[in-house]
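Take a walk through this fold. Look at the packing of helices, then at the aromatic rings.

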Amino acid sequence: MSDNHPVGLFDSGVGGLTILREVRQQLPDEQCLYFADSRECPYGTKPIAQIQRRCEKVVEFLLDRGAKTIVVACNTASVAALTHLRGRYEVPFVGIVPGVKPAARLTKAGKIGVLATPTTAESQPLAQLIQQFAYGVTVLTQVCPDLVALVERGTIDGSEVEELLRRYLGTLLDSGVDVVVLGCTHYPFLRRQIQQLCGSDVTLVDPSDAVARQLGRVLTNEGITRTGVGGSTQYFTSGDAAEMGEELGRLLDSGGGAIEQVQTSSGTGG
C-alpha cells in the first residue's frame, strides 16, 4: 500500500534543512512539509515547558495538513519535547539526539566533544546518552549560544564565524578530543569551517543521515511509505517568507521552493 500523506518536519528555524536534505536524498518519493518556526528561534535558550508548548502548536499545524509522521528536526526540541509529544499525539515521531553513541565508538583518544545549545547541553537525555554509551570515555560539552543566530542569517563563513568557532572549539581541542559531535541541526552548515579548524585528525559526527534512515524504518514498519515518481517539499515559516527564501537559496544546494508565511499563536504563554 502507498500512503500519499506527507511527512512533516520542523525546527526552530532553518537548521532542520540539514535533516530535510538527507530525507530528500534517501526517501525521494515522499512528500514533505517543512516548518521553520523562525519567529520563536532559537529554542535552545528557552525553558523546557515553553519549548513543549510551542512544539504542540507546530505539530498541530502539520497534522492539520495531513502529516502521517513528524520529524522533530531539532536537537533542542527533541530533548525537551519528544517524549511529551509522543504521549500527546498518535502519529509516529522521529527525533534527533547528539551522536554520543557513534562518537564513543570512533574515539581513539578516549575523549569526545559535543557542541550544543544551552538547553541540549543541560538536558537529562544528553546526560543519559553519556551514561549509557560513553562509559570510560571523557565527554566535554561546549555550549554554543551564538551559532544558531549566524546560520539563521545565512552567515556560514567569514571572520565572524571563524572567531566564534575558534572560541568554542579551543577548549575541546586543547583537551585532546579526537571526535566532535555536531549537537544541533544548524551546525552541519558550518561543517567545512569546523573541520578546517579541527584538522584532519578530528572526526565530526553529524546524525542527519541516521535520522533519515530511522524515518525510513518507521515508515516501512508502519506501512505508510509512499511510492511514486518523486516527492516534493512545501515550506512554511512563522517568520518572514522572503527572508527564508533567501536562506533556502544560500543553504540548500538545489535551492528551495515556494514558502507560505503562517500566523500561529505563540504557544509561549503560561
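**Helices and rings**

The axes of helix H8 (residues 159-174) and helix H9 (residues 191-198) come within 10 Å and cross at roughly 50°. H8 and H9 are therefore oblique to each other (angles under 35 degrees count as roughly parallel, over 145 as roughly antiparallel, 65 to 115 as roughly perpendicular and the rest as oblique). Which residues make the contact? From H8 come Val 161, Glu 162, Leu 165, Arg 166, Leu 169 and Leu 173; from H9 come Gln 193, Ile 194, Leu 197 and Cys 198. Contact means heavy atoms within 4.5 Å.

This is a predicted model, where local features need pLDDT of at least 70, side-chain atom pairs count only at pLDDT 80 or more, and totals for chains, interfaces and linings use all residues. Residues are numbered from 1 along each chain as its sequence is written, and side-chain values use heavy atoms, leaving out hydrogens and water.

Now the rings. The structure holds four aromatic pairs (ring centres of Phe, Tyr or Trp, with its six-membered ring, within 6.5 Å; planes under 30 degrees apart are stacked, over 60 edge-to-face, the rest tilted). One of them joins Phe 35 and Phe 61 edge-to-face, at 5.1 Å centre to centre and 65° between the planes. Phe 35 lies in strand S2 (residues 32-36) and Phe 61 in helix H2 (residues 48-64), so this pair ties together parts 26 residues apart in sequence.

Phe 61 also pairs with Phe 236: the centres are 5.1 Å apart and the planes at 75°, so this pair is edge-to-face.

Key. Axes are lines fitted to C-alpha atoms, for helices over the stretch in contact, and angles run from 0 to 180 degrees between N-to-C directions. Helices (H or I, at least four residues) and strands (E, at least two) are DSSP runs, numbered from the N terminus.
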